[in-house]
Amino acid sequence: MAEFQHEQLVVRRGARSGLPIVVAVHSTVLGQAIGGCRLASYPDWRDGLADALRLSAAMSDKCALAGLPNGGGKTVVAVPPGAVDRRAVLHDVGDVIAGLGGAYATGPDVGTGPDDMAVIGERTAHVFCRPDGAGGSGDSSGHTAAGVLAALRVLCAERFGSADLSARSFAVLGLGRVGGRVLRLLADAGASLVAADVDDGKRGLAVAAGAAWVGPPECLAAEVDVLVPAALGGLLTARTVPRLRCAAIAGPANNQLDEPATAGLLHDRGILWAPDVIVSAGGIIHAVAVELRGESAARAAARVDGIAGTLAGVLRAARAADSTPAAAARARIQKILHRTA
Ligand code: PHE
């Protein structure tokens with residue numbers, strides 16, 4: 001039987017929406033648990049519940065590695081196909097978070113943005129990234145994308161001996177709020193690009209960035225230097241890893257590995273994988289710097305750039321021990337948690 005490793009798990013039927021509102025608080029050992037609110041479609045609401053458990057645990061790792069005084073949590077609402085009363089769902093989410101009395105604060109994630117945070121904020125103060133005008137630090141996706149670029153430079157330096165992105169080719173899988181920005185930044189840096197999204201409407205974005213537009217399976221298996229997973233999790237599995245033709249992987253998608261052992265499969269194929277919990281931390285680093293620490297935009301941006309140093313340290317440790325970067329990251333997390341214990 002799998003061990004229950006979370007501090008609390010709340011599942012409550014929303015009074016307004018009737019939908020199951022899931023909030024998983026993985027850990028408050030380092031401080032208030034933080035993690036985004038995901039509104040997505042799942043085959044079954046229990047799949048959303050399982051996702052919340054996984055994603056909240058990953059947020060604890062993300063916060064620890066980013067040096068934040070926070071633990072991990074996540075909100076997931078499995079939205080049924082068709083029209084949903086968004087305000088009702090968001091108010092239901094806000095009520096559940098308010099009921100946690102500050103143990104957890106939310107923010108944007110897949111399917112939500114700053115305007116949604118403002119609506120949640122009508123029910124609870126424990127919410128990051130409301131629009132600038134509504135007392136928050138605004139859209140976090142640009143900061144997440146900036147962190148991804150910092151990570152990609154480090155990854156390229158480690159794998160190819162140069163941090164120069166213009167010499168490299170990238171396949172960006174997923175052109176949502178973060179992936180679309182990463183593509184744009186890579187285009188500005190002069191990189192060669194392939195891109196895909198399940199939504200054909202994103203094609204124009206790819207073409208505007210000078211990227212070759214392909215289907216998601218072709219993007220996954222593209223012959224490029226670096227694969228950039230920027231969509232949903234669980235992309236890297238025992239089935240997909242043998243199909244990869246890249247030399248390295250780094251992207252903002254959360255939970256890229258379907259299970260920890262997949263890191264070993266990548267390592268065996270000589271594919272250097274940058275742990276997603278390090279690469280994707282820019283948004284949360286920025287939000288905490290501005291909203292909790294009251295720091296300037298410049299100071300917050302410098303903290304986001306700190307992702308480069310964190311990733312370089314983990315990749316160096318992995319190389320020295322001939323271990324996977326995932327194992328090196330895990331060792332570092334243990335050390336950080338130990339220091340607190
Ligand atoms: N979606 C963000 C992540 O996965 C969560 C977040 C961003 C939370 C910004 C708060 C503020 O890291």
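A crossing of two helices is left-handed if the near helix is turned anticlockwise from the far one by less than a right angle, and right-handed if clockwise. Welcome to a predicted model, where local features need pLDDT of at least 70, side-chain atom pairs count only at pLDDT 80 or more, and totals for chains, interfaces and linings use all residues. Residues are numbered from 1 along each chain as its sequence is written.

**A helix pair**
- Helix 10 passes helix 11 in a right-handed crossing; helices (H or I, at least four residues) and strands (E, at least two) are DSSP runs, numbered from the N terminus.
- On the helix 10 side, the contact is made by Gly282, Ile285, His286, Ala289 and Val290, while helix 11 brings Arg299, Ala300, Arg303, Val304 and Ile307; two residues are in contact if their C-beta atoms, placed from the backbone, lie within 7 Å.

**Lysine 74**
- UniProt, in an unreviewed entry, lists Lys74 under "active site"; such annotations may be inferred rather than shown by experiment.
- Lysine 74 is found in strand 5 (residues 71–78).
- Lysine 74 is buried, because 29 other C-beta atoms lie within 10 Å (buried takes 20 or more, exposed 12 or fewer, partly exposed in between).
- Beyond its neighbours within four places in sequence, lysine 74 has contacts including Ala24, Gly35, Arg38 and Met59.

**Valine 224**
- Valine 224 lies in the loop between helix 7 (216–220) and strand 10 (226–229).
- Valine 224 counts as buried, with 22 C-beta neighbours inside 10 Å.
- Leaving aside neighbours within four places in sequence, valine 224 touches Ser169, Phe170, Ala171, Val194 and Cys246.
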